[in-house]
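Thanks for coming. I will go through one model today and keep to what can be read from its atoms. Please have a look at it before I start.

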Amino acid sequence: MSGPFRDDPEQDPRKEFWYRFRSAFAVVLSLVVLVGGGLFVANQVHGAYLSYKSTDDYLGDGDKPVLVRIPEDASVTAAGDILLDADVIKSMKAFRAAVRDASTDPTIQAGQYKLWTHMSAEKALAILSDPANIQHTRVTVTEGLTISEQAAVLAKGSSLPVSQFTKAIANTGKLGLPAWAKGNPEGFMFPDTYEVADKPTALGILQQQTRQFTKVTNTLNFTGQAGTIKRTPYEALTVASILEKEGKTAKDKKIIAGIIYNRLAKGMPLQSDATVLFANNATSKLTTTDAQRKKQSPYNTYLVKGLPPTPINNPGADSMSAAVAPAKTNDLYWVVIDPEKGTTAFAATITDHNKNVAKFQAWCQAHKGKC
C-alpha cells in the first residue's frame, strides 16, 4: 500500500490520545497507592505511639543504667517515689499494680541498686526485691599494716581524704578503744573487709575496726588467755604484732611466740628485725642494715631488752591467737630461710642458728634485690 500506516499513534490522533491517557492514569494510580499506603503506615505508627503514651507503664528492660539508693526504713511506696523521680518507672499506678500482682509481698532492703531508666514497674520491683542486687562498696585492710598505711588504704576505698583518717585517729577518745589500749590505737585497728556506708566518715570506718577488734578478742578470750601466760593483754598484742611480720604460718607464729617468751624470761634481747624496721620507718623491707640496728629507739630490740613500748602494726586473728597460746619449745632463735615459700628455721643454740642464717643469706644471694 502506498497510504499511511494506520496503527502508528503518531499518525492516528485518536490512538495517540488514548495512549497518553493510559500513561497518565497509571502514574496517578501509582501515586494514590503510594500515598494511601503511607497514610496507612503513618496511622498505624501514630496509633501505636498514642497507645504507648496512654499506658501507665514503660515497656521492656529499660534504656540507660542508673544507680538508685533506697534509704533505711523506706516503705515500698517511698521506694516507688524514688524510682519515679529517677525516671525508672513511668507512674506510681504501674508500680502499685506491680506490688499488688507480685506472687509474694515484696520486701525492699536499704542500699544502692543498679536499674535502668524506662523500665517496666514489674521488672524494677523484681530487682529491688532481691537483696543480691544491692551494690556494695567494700574496702579490705590486710594484716600487718601500720595505722598510717591503713589510712591510705581506707582513703582510697572510701574516696575520703587521708587527712580525715589522720584527724579521726588522733581523736582516740571516740575510736572505741578498750580501756587497756592506753589511748594508743596502733594494734587495735583490726584488719578485715569492711562495708563503706552511703555517706561514710573516717571515724565511722575506724569505729567498725575497733568493734571488730573487740569481737575477735572476745571470741579468742584474748585477755583471759594473756593472764594465763602471765602477760597483760597489751603485752600479748605487742607480741602479736611482731608475729605478724616474723611468722608466715599459724604454726610458725606459735613457735616464734614461744621463743619470744623464752628470750624475755632469760633477759635476752629479742633482736627482731621487724621492730627495727618499724623504728626506721622501713616496714616494707626484709632485712636490716648495720646503721638501722644502731638507731637509738625504744623499738630497736637489738639495743633495748624487753618488748617494744607499743604494737608495731595491726595484727590479724592468727597472730593474736599465737601470742596468747604459744608453743612450748626450747628454741631461742628463728630465721626465715626462704621468704617466698615462708619457710622458717628454728634453733636452740647460736651455732645452729648461724647455720640457718647462712641458708637465708644464700637465698638472698640467689634472689638479688629481694632482701
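This is a predicted model: local features need pLDDT of at least 70, side-chain atom pairs count only at pLDDT 80 or more; totals for chains, interfaces and linings use all residues.

Which residues of the largest nonpolar core touch the most other members? The core has 52 residues, and the ones that touch the most other members are Phe165, Leu206, Leu243, Ile260 and Met320. Two or more residues each come from helix H5 (147–158), helix H6 (162–170), helix H7 (202–220), helix H8 (222–228), helix H9 (233–246), helix H10 (250–266), helix H11 (273–279) and helix H13 (317–324). Both domain 2 (138–218) and domain 3 (230–329) contribute residues, so the core lies between them.

Take Leu206 as an example. If we set aside neighbours within four places in sequence, Leu206 is in contact with Leu154, Phe165, Ala168, Ile169, Leu175 and Met189. Another core lies apart from the one I have described; it has 20 residues, including Met92, Ile108, Leu115 and Ile134.

Next, helix H9. Is H9 mostly covered or mostly open? Mostly covered: 12 of its 14 residues are buried. Among the buried ones are Pro233, Tyr234, Leu237, Leu243 and Glu246. The cover over the buried residues of H9 includes H7, H8, H10, H11, H13 and strand S6 (333–338). With 1.5 Å a residue, its 14 residues should span 20 Å, and the C-alpha atoms at its ends are 20 Å apart, which agrees. As a reminder on helices in general, there are 3.6 residues a turn in an α-helix, so residues three or four places apart point the same way.

Now the aromatic rings. A pair of rings is described by two values, the distance of the centres and the angle of the planes. The count here comes to six aromatic pairs. In one of them, Trp180 and Phe222, the ring centres are 6.2 Å apart and the planes are at 20°, so this pair is stacked. The two residues come from distant parts of the chain, 42 residues apart: Trp180 is in the loop between H6 and strand S5 (193–195), while Phe222 is in helix H8. Their accessibility is as follows. Trp180 counts as partly exposed at 21% relative accessibility, whereas Phe222 has a relative accessible area of 0% and is buried. Both belong to one aromatic cluster, made up of Trp180, Phe188, Phe213, Phe222 and Tyr234.

How many disulfides does a search of the whole structure find? One. This disulfide joins Cys364 to Cys371, with 2.0 Å from S to S. The torsion about its S-S bond is about -90°, so the disulfide is left-handed. Of its two residues, Cys364 counts as buried at 14% relative accessibility, and Cys371, at 27%, is partly exposed.

Last, some backbone angles. Most residues other than glycine have a negative phi. Ser159 has a phi near 65°, which is positive, and is not a glycine. Ser159 sits in the loop between H5 and H6 and counts as exposed, with 67% relative accessibility. Asn221 also has a positive phi, near 50°. Its place is the loop between H7 and H8, and with a relative accessible area of 43%, Asn221 is partly exposed.

That is the end of my notes.

Key. Residues are numbered from 1 along each chain as its sequence is written. Side-chain values use heavy atoms; hydrogens and water are left out. A nonpolar core is a set of buried Ala, Val, Leu, Ile, Met, Phe, Trp, Tyr and Cys residues joined through side-chain atoms within 4.5 Å. Buried means under 20% relative accessible area, exposed over 50%, partly exposed in between (1.4 Å probe, protein chains only). Helices (H or I, at least four residues) and strands (E, at least two) are DSSP runs, numbered from the N terminus. Domain bounds come from an automatic or database domain assignment. Contact means heavy atoms within 4.5 Å. The expected span of a helix is 1.5 Å times one less than its number of residues. A disulfide is a pair of cysteine sulfur atoms within 2.5 Å. Rings of Phe, Tyr and Trp (its six-membered ring) pair if their centres lie within 6.5 Å; planes under 30 degrees apart count as stacked, over 60 as edge-to-face and the rest as tilted.
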